[in-house]
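I set out to record what I looked up in this structure, entry by entry. The notes begin with a metal site and then turn to helix contacts and a loop residue.

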Amino acid sequence: MIELAPSILSADFARLGEQVRAASEGGASVIHVDIMDGHFVPNLTIGPPVVRSLRKITELPLDCHLMIENPDEFIPVFAEAGADWISVHQEASRHLNRSLHLVKSHDCQAGVVINPATPVDTLSEVLDIVDYVLVMSVNPGFGGQKFIPGAVHKIRQLAQIRSQRALNYRIEVDGGVALDTVGDVVRAGAEILVAGNAVFGAGDPRRNAEGLLKAATEAAMVKV
Ligand code: DX5
Ligand code: ZN
């Protein structure tokens, strides 16, 4: 099943509740929350208080993408604030196995993320413990960047490994996902589509979400 996870990074923070509602009316089934610390990535965004507020206004799962150093220090705080899914970067976690188990110990779905320059092979020892793998299709830090096509073969590789090893993780993609790129990522095997600019950048988030989901679902039907 294809799911759309709008990234609130591109939303109007002064009207966050309204915008999240509009995106969910358009079919979004997960809310993607980008947490940046100004160290791991060159930008600062939001912390636990915003997650806590989001928790009050939506029942959709909150997908917290941690782009921070020392993720283990903050996993419990985000879980307590209301995160349902928590992903950590392979590049930011010194003890990836430990970080992922820490996420699971808080009853959250555990995800691992790879940057555009990080190969899928680096995940071989954790693929059996994650609930999802997030493939970055831009360098993390900002919304509205151009899609990096190398992500497509990584998605395909992850789908192949999953069937070869009979694993269950889901495949998420993040960065530059829009009407012109969604077909390629879905055909390669992506199931959870993060989109910031394409949903909240211009126009009506509800209609944008609907349009993106429609394009994704059509691409999924012509897959194999
Ligand atoms: C980038 C973030 C993304 C970003 C996606 O660092 O992880 O979630 O908001 O935004 P778009 O869809 O605009 O590329
Ligand atoms: Zn993200």
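Entry 1: I looked up the zinc ion (ligand 2) and found six donor atoms around it subtending angles of 70 to 169°, which makes the arrangement octahedral. For six donors, octahedral requires opposite donors over 155 degrees apart and all others between 65 and 115. Ideal angles for six octahedral donors are 90 or 180 degrees. Donors are N, O and S atoms within 2.8 Å of the metal (3.2 Å for Na, K and Ca), and sites may look incomplete because water is not among the atoms.

I then listed the coordinating residues: His32 (NE2), Asp34 (OD), His65 (ND1) and Asp174 (OD), at 2.0 to 2.3 Å. Their spacing in sequence reads H-x1-D-x30-H-x108-D. Asp34 in strand 2 (residues 31–36) and His65 in strand 3 (residues 62–67) are 31 residues apart, a pair that links distant parts of the chain.

**Entry 2: conventions.** I noted that this is a predicted model, in which local features need pLDDT of at least 70 and side-chain atom pairs count only at pLDDT 80 or more, while totals for chains, interfaces and linings use all residues. Residues are numbered from 1 along each chain as its sequence is written, chains are lettered from A and ligands numbered from 1 in the order in which they are written, and side-chain values use heavy atoms, with hydrogens and water left out. Helices (H or I, at least four residues) and strands (E, at least two) are DSSP runs, numbered from the N terminus.

**Entry 3: helix 2 and helix 3.** How do the axes of helix 2 and helix 3 cross? I found that the axes of helix 2 (residues 48–57) and helix 3 (residues 71–81) come within 8 Å and cross at roughly 25°. Axes are lines fitted to C-alpha atoms, for helices over the stretch in contact, and angles run from 0 to 180 degrees between N-to-C directions. The two helices are therefore roughly parallel to each other (angles under 35 degrees). Contact (heavy atoms within 4.5 Å) is made by Pro48, Val51, Arg52 and Arg55 of helix 2 and by Val77, Phe78, Glu80 and Ala81 of helix 3.

**Entry 4: helix 1 and helix 8.** I looked up helix 1 (residues 16–25) and helix 8 (residues 205–221), whose axes come within 7 Å and cross at roughly 35°. Helix 1 contributes Gln19, Ala22, Ala23 and Glu25 to the contact, and helix 8 contributes Pro205, Arg206, Ala209 and Glu210.

**Entry 5: Ser29.** I placed Ser29 in the loop between helix 1 and strand 2. Leaving aside neighbours within four places in sequence, Ser29 is in contact with Glu3, Leu4, Leu60 and Pro61.

Definitions and conventions. Parallel < 35°, antiparallel > 145°, perpendicular 65-115°, else oblique. Tetrahedral: all angles 85-135°; square planar, octahedral: opposite > 155°, others 65-115°.
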